[in-house]
Amino acid sequence: MRKPAGWWWSTPDEVYENGTCWTATRYHGEIVGLKLWSNGTVDKPMIQCRGYSKEAFDDVARQGITRMLNRALKTDEDLKPFYKLSKRDNILCDIVKDLYGMHTVGWPELFPALILAVTLQMAPMKRSGQMMDSLLNQFGEKVSFDGKNIGYWPSPETLAKCPVEEMMAKAKLGYRAKNLKAIAEELSEGFPSLEDLVAMAPDEAKKKILTLQGIGNYSAELVMPRMGFPLDVWSAKIFGVLFNGEKPDNPREAIVALREVAEKRWNGWMGHAFVYVLNDLPRLSEKFGVDFTKF
DNA sequence: GCGTCCAGGTCTACC
DNA sequence: GGTAGACCTGGACGC
C-alpha cells in the first residue's frame, strides 16, 4: 500500500516520516494515537499498527480499531479489475504504472470528513486550510505519544454545544458555521457511523448523507464510504481537458456532463480513476502538454 | 493603504 | 423541473 498524496488520512496534524505515519482518531469518543508503518511490499502488503490510549485496550477495542483500519485503508480492495480496465484506457494506462499498488482511502471517522467537505465549499484552498486549522486549534484536542504531539478534530458533541457566533469568530467559518453546527447536532444525536454507512447500499448511504444540512452532491461524494467522484470546479477543469481537450468555459455547469462521461468510460471504477488521476498530475501534465498542477 | 472581486457549493424563492 | 441569486469573509489584485 502507498500513502496517497494530497489530503491527510485522519488529521492535518499527522506526521509522515520514512514510511511511518503518526496520527490519531476517535474511538467510542476517546482519542487514540496511532502509529502505522509498512512491514510488507507492494506485492505482499502488510501494515503494522500500534495504538496508544489512556486506558489499556481490551480485545473488543483492539478488534474494533483493527476493523476501522481495514475499512479506512481499504486493505481488502481488489485492484486487479481496475488495472485490467486501465490497460486499454489512454488516460489511465501510464498512471497505474506510476501508482501501482495504491489503494484508495476511506475516512477513519465521519465528522472530520464532513468538516473537510464543508470548509472546501466556496473558498480558495488557502482559506479552507485556514478554517480547518482554526477548528483544530480552537476546538480540537491534542494527543501525545511516542514522542509526537498530534492535534485532532473536535467531536460533534463539542461543536453541537458551541454557539454559531463563536464558531464564526474563532474558526472564520462564515456562513458555513450554521451548517457545521447543524451537522454536529445531527451526528451527536445519533447518525449512522461510517461503519453503518458501509453496510448500506451505496445509493441509500448517499441519500442519508444528503439529508445533512449544507451537504450537497459534491460533499456527499467526498464523504461516501465507497470512493465517489466528487467533481468540483477545480477537478472539472482537469477532467474537461482530459475528456474534451480543453478547460470548460463554465466548469461549474460542466460538472454533470463530465460525470456522465466518466461514468460511461470507467463504469464502476470511476472513483478509483478519480483518485489515480488526481494523484499523478505531473505525469499527466507531461503526457497532455498541459500543466495540471497549476490549475 | 484602500476598494473591489470572488472562491475546489448549497439552498431557496421564484418562475 | 429548472435556475438566478444570496450566502461569510479573507486573500489576491489593481490602483
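This is a predicted model: local features need pLDDT of at least 70, side-chain atom pairs count only at pLDDT 80 or more; totals for chains, interfaces and linings use all residues.
**Figure 1. Overall dimensions of chain A.** Chain A contains 15 helices and 6 strands. Its radius of gyration is 19 Å, close to the 19 Å that the globule rule gives for 295 residues, so chain A is as compact as a globular protein of that length. The C-alpha trace of chain A spans about 50 × 45 × 35 Å along its principal axes.

**Figure 2. The open sheet of strands E1 to E4.** Four strands in the order E1-E2-E3-E4 make up an open sheet, with antiparallel pairing. Strand E1 (15–17) and strand E4 (47–52) are the edge strands, and each of them pairs on one side only. From one strand to the next, the twist averages 25 degrees. Strands of a sheet pair through backbone hydrogen bonds, either parallel or antiparallel. E1 and strand E2 (residues 20–27) run antiparallel and are joined by 3 bridges. Within this pair, valine 15 has tryptophan 22 of E2 as its bridge partner.

**Figure 3. Surroundings of aspartate 94.** Aspartate 94 sits in the loop between helix H2 (80–87) and helix H3 (95–98). Apart from neighbours within four places in sequence, the residues in contact with aspartate 94 are Arg283 and Lys287. With lysine 287 there is a polar contact between the two side chains, at 2.9 Å.

**Figure 4. The contact between helices H5 and H7.** The axes of H5 and helix H7 (residues 164–171) come within 9 Å, crossing at roughly 115 degrees. On the H5 side, the contact is made by Met131, Ser134, Leu135, Gln138 and Phe139. On the H7 side, Glu166, Met167, Lys170 and Ala171 take part. Sorted by class, the residues of this contact are 5 nonpolar, 2 polar and 2 charged.

**Figure 5. Protein residues around DNA strand C.** The class division of the surface near DNA strand C is 4 charged, 2 polar and 2 nonpolar residues. Sugar or phosphate accounts for 81% of the atoms of DNA strand C within 4 Å of the protein, and bases for the rest.

**Figure 6. Polar atom pairs at DNA strand C.** For lysine 126, an N or O atom of the side chain is 3.3 Å from a phosphate oxygen of DNA strand C. For glutamine 130, the distance from a polar side-chain atom to a phosphate oxygen of DNA strand C is 2.8 Å. Tyrosine 175 takes part through its backbone, with an N or O atom 3.0 Å from a sugar or linking oxygen of DNA strand C.

**Figure 7. Protein residues around DNA strand B.** There are 19 residues around DNA strand B, and the closest are Pro124, Gly214, Gly216, Ser219 and Arg252. By class, the surface near DNA strand B has 11 nonpolar, 6 polar and 2 charged residues. Of the atoms of DNA strand B within 4 Å of the protein, sugar or phosphate holds 53%, and the rest are in bases.

**Figure 8. Polar atom pairs at DNA strand B.** The side chain of tyrosine 175 has an N or O atom 3.3 Å from a base nitrogen of DNA strand B. A polar backbone atom of asparagine 217 is 3.4 Å from a phosphate oxygen of DNA strand B. Tyrosine 218 has a backbone N or O atom at 3.3 Å from a phosphate oxygen of DNA strand B. H11 gives the most, with 3 residues.

**Figure 9. Surroundings of lysine 178.** Lysine 178 belongs to helix H8 (residues 176–188). Leaving out neighbours within four places in sequence, lysine 178 is in contact with Val164 and Gln213. Lysine 178 and glycine 214 are 36 residues apart along the chain, and their C-alpha atoms are separated by 8.8 Å. Glycine 214 is also listed among the closest residues to DNA strand B.

Note on methods. Residues are numbered from 1 along each chain as its sequence is written. Chains are lettered from A and ligands numbered from 1 in the order in which they are written. Side-chain values use heavy atoms; hydrogens and water are left out. Helices (H or I, at least four residues) and strands (E, at least two) are DSSP runs, numbered from the N terminus. A polar contact is a pair of N or O atoms within 3.5 Å; within protein, one must be able to donate a hydrogen and the other to accept it, and residues adjacent in sequence count only if both atoms are side-chain atoms. Contact means heavy atoms within 4.5 Å. Two strands pair if DSSP finds at least two bridges between them. Axes are lines fitted to C-alpha atoms, for helices over the stretch in contact, and angles run from 0 to 180 degrees between N-to-C directions. A residue is near a molecule or strand if one of its heavy atoms lies within 4 Å of it. Ala, Val, Leu, Ile, Met, Phe, Trp, Tyr, Cys and Pro count as nonpolar, Asp, Glu, Lys and Arg as charged, and the others, Gly among them, as polar. The radius of gyration is taken over C-alpha atoms; the globule rule is 2.2 Å times the number of residues to the power 0.38.
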